[in-house]
Amino acid sequence: VDILEEDKAFEVHVAVPGMSKDDFKIDLNDNVLSISGERKNSREKKENNFHSVEIQYGTFSRSFTLPENVDASKISATYVNGILEVTIPKDEKKIVKSTIQVN
C-alpha cells in the first residue's frame, strides 16, 4: 500500500493484481477507511503425464484513520492494471494547519 498526499486529495494505492473490481469492499465508518478483498485464482495445466494446479487465494484487509480535513462524501475508487486507487478529496473549508505567532 502506498499513501500519497497531494494539494487537494490523499491517494491510497493498493497493488492487488489478478482481481476484479467486484472482489473489493471499501467501507467508511466513523472516519476509518477499510479496504478488504478476497483473491480466488487457480490455474491448471494438463500435459503428457503431468498435471499441475496452482491456486492463489486469501483475504486481506487494511484500515486507515482519515484526518479531519477530508470530504468523505466525495471518496472514489478505481481499479486499473492491478492497482486499486482510492482518492480521498480534502475539504478546503476545514483547515488543519495554522501558524501561531509567539508573543
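Guide: Start with a definition: a strand here is a DSSP run of type E with at least two residues, and a helix is a run of H or I with at least four. This is a predicted model.

Visitor: How many helices and strands does the chain have?

Guide: The chain has zero helices and seven strands. From the N terminus on, the elements run β-β-β-β-β-β-β.

Visitor: What makes β1 and β2 a pair of strands?

Guide: Pairing needs at least two bridges. Strand β1 covers residues 2-5 and strand β2 covers residues 9-15, and four bridges join them. Four meets the cut-off of at least two, so they pair. The sense is antiparallel. Within this pair, Glu5 stands opposite Phe10 in β2. A hairpin of three residues leads from β1 to β2.

Visitor: Which strands form an open sheet, and in what order?

Guide: The sheet has four strands in the order β1-β2-β7-β6, and the pairing is antiparallel.

Visitor: Why are β1 and β6 called edge strands?

Guide: Each of them, β1 and β6 (76-80), pairs on one side only. Neighbouring strands of the sheet are turned by 15° against each other on average, with direction ignored.

Visitor: How do you know that β6 and β7 pair?

Guide: There are five bridges between β6 and β7, in the antiparallel sense. At least two are needed, so β6 and β7 pass.

Visitor: What is the phi of Asn81, and is Asn81 buried or exposed?

Guide: Phi of Asn81 is near 50°, a positive value in a residue other than glycine. Asn81 is found in the loop between β6 and β7. Its relative accessible area is 77%. Exposed means over 50%, so Asn81 is exposed.

Visitor: Which loop holds Asp30, and what is its phi?

Guide: Asp30 lies in the loop between β3 and β4. Its phi is near 55°, a positive value in a residue other than glycine. Asp30 has 71% relative accessibility, which is over 50%, so Asp30 counts as exposed.

Visitor: Why is Asn29 called exposed?

Guide: Asn29 belongs to strand β3. Its relative accessibility is 57%, over the 50% cut-off, so Asn29 counts as exposed. Asn29 and Thr65 are 36 residues apart in sequence, and their C-alpha atoms are 9.6 Å apart in space.

Visitor: Why is Asp91 called buried?

Guide: Asp91 is at 19% relative accessibility. Buried means under 20%, so Asp91 counts as buried. Asp91 lies in the segment after β7 (83-89). Leaving aside neighbours within four places in sequence, Asp91 is in contact with Asn69, Val70 and Asp71.

Visitor: How many aromatic pairs does a search of the whole structure find?

Guide: The search finds two aromatic pairs. In one, the ring centres of Phe24 and Phe60 are 6.4 Å apart, which is within the 6.5 Å limit, so these rings pair. Their planes stand at 65°, over 60, so the pair is edge-to-face. Phe24 sits in strand β3 and Phe60 in strand β5, 36 residues apart, so the pair links distant parts of the chain. Ring pairs link Phe24, Phe60 and Tyr79 into a cluster.

Visitor: Are Phe24 and Phe60 buried, exposed or partly exposed, and why?

Guide: Phe24 is at 13%, under 20%, so Phe24 counts as buried. Phe60 is at 24%, between 20% and 50%, so Phe60 is partly exposed.

Visitor: What makes Lys90 count as sitting over a ring?

Guide: The charged end of Lys90 sits over the ring of Phe10, 5.0 Å from its centre. The distance limit is 6 Å, so 5.0 Å passes.

Visitor: Which residues have the most contacts inside the largest nonpolar core?

Guide: That core has 15 residues, and those with the most contacts inside it are Val12, Val16, Ile35, Leu84, Val86 and Ile88. The elements β2, β4 (32-47) and β7 each give two or more residues to the core. Beyond residues up to four places away in sequence, Val12 touches several others, including Ile35, Phe64, Leu84, Val86 and Ile88.

Definitions and conventions
Residues numbered from 1 in each chain as written. Predicted model: local features only at pLDDT ≥ 70, side-chain atom pairs only at ≥ 80, totals over all residues. Heavy atoms only, no water. Buried < 20%, exposed > 50% of the residue type's maximum accessible area, 1.4 Å probe, protein only. Contact = heavy atoms within 4.5 Å. Phe/Tyr/Trp six-rings, centres within 6.5 Å; stacked < 30°, edge-to-face > 60°. Lys NZ or Arg CZ within 6 Å of the ring centre and 35° of its normal. Core = buried A, V, L, I, M, F, W, Y, C linked by side-chain atoms within 4.5 Å. Axes fitted to C-alpha atoms, helices over the stretch in contact; angles between N-to-C directions.
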